[in-house]
Amino acid sequence: MTTIAARLQAVNDRIAAAAHAAGRAPDSVALLAVSKTWPAAAVREAAAAGQRAFGENYVQEGVDKVEALRELGLEWHFIGPLQSNKTRLVANAFDWVHSIDRLKIAERLSAQRDVHLPPLNVCIQVNVSGEESKSGVAPIDAASLAAAVAALPGLRLRGLMCIPEPSADPALLHARFALLRRLKDELAVSGLTLDTLSMGMSHDLEAAVAEGATVVRVGTAIFGERQAGAFAQPG
Ligand SMILES: *Cc1c(COP(=O)(O)O)cnc(C)c1O
């Protein structure tokens, strides 16, 4: 077994154990392998081990991998910050965008999505950490943004996503993830039923699964530590 295959297995085991502990079916949580900064060969290796869904943060890097690996028929998720001058590339290369936090970006993605493709699956990114983090719509504004995004023809609103501030305090992480779940439940009460909670990463996926994550986004635990500076690469 390759290192990536062994680490993938270990992550899938963690997800299954966390689901079991929460009384959830293991297949109710999907694994998104975050391949940002890693070459196409690493994605190929993970794909050979059975992984189908991959997440990318940087537009050009992601589009290059989507094109290089097209024959594998993988599912691609854009999970990074998105500027309006890059929406056209993302709208047509990816299957999902998790990081919608402004209506303007959603409108551009909807208008630019090729009409021959199925609608782009999207999640609204919510800032569950207050001032500690800058990305994401404020929780109080999530419902109105969700309603507006749900009405766009080129998009299919699937759920909510969050990235809590890094913390070693499990109680704080649970509270952040529970807030996202509550927002999704409130949307359902107001008539907008969504099927996706994108939350949890390498260090906190157990807390996220306990609070209802349906997609965990895991990079380091599968591919290894990213090189310093790679994270800051421009989009
Ligand atoms: C990098 C990244 C991840 C993966 O983080 P790891 O700690 O490497 O598992 C998940 N989600 C987003 C939005 C990211 O940018």
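## Contact between helices α1 and α2

T3, I4 and L8 of α1 meet A42, E45 and A46 of α2, where contact means heavy atoms within 4.5 Å. Four of the residues in this contact are nonpolar, one is polar and one is charged, with Ala, Val, Leu, Ile, Met, Phe, Trp, Tyr, Cys and Pro taken as nonpolar, Asp, Glu, Lys and Arg as charged, and the others, Gly among them, as polar.

The axes of α1 (residues 3-21) and α2 (residues 40-48) come within 9 Å and cross at roughly 55 degrees, and the two helices are therefore oblique to each other. The crossing of α1 and α2 is right-handed.

## Basis of the model

This is a predicted model, in which local features need pLDDT of at least 70 and side-chain atom pairs count only at pLDDT 80 or more, while totals for chains, interfaces and linings use all residues. Residues are numbered from 1 along each chain as its sequence is written, and side-chain values use heavy atoms, leaving out hydrogens and water.

## Surroundings of the ligand

Among the 14 residues around the ligand, those that come nearest are K36, N57, S202, G219 and T220. A polar side-chain atom of K36 lies 2.7 Å from an oxygen atom of the ligand, and a polar side-chain atom of T220 lies 2.5 Å from a ligand oxygen atom. For R226, an N or O atom in the side chain is 2.9 Å from an oxygen atom of the ligand.

Methods
Axes are lines fitted to C-alpha atoms, for helices over the stretch in contact, and angles run from 0 to 180 degrees between N-to-C directions. Helices (H or I, at least four residues) and strands (E, at least two) are DSSP runs, numbered from the N terminus. Angles under 35 degrees count as roughly parallel, over 145 as roughly antiparallel, 65 to 115 as roughly perpendicular and the rest as oblique. A crossing is left-handed if the near helix is turned anticlockwise from the far one by less than a right angle, and right-handed if clockwise. A residue is near a molecule or strand if one of its heavy atoms lies within 4 Å of it. A polar contact is a pair of N or O atoms within 3.5 Å; within protein, one must be able to donate a hydrogen and the other to accept it, and residues adjacent in sequence count only if both atoms are side-chain atoms.
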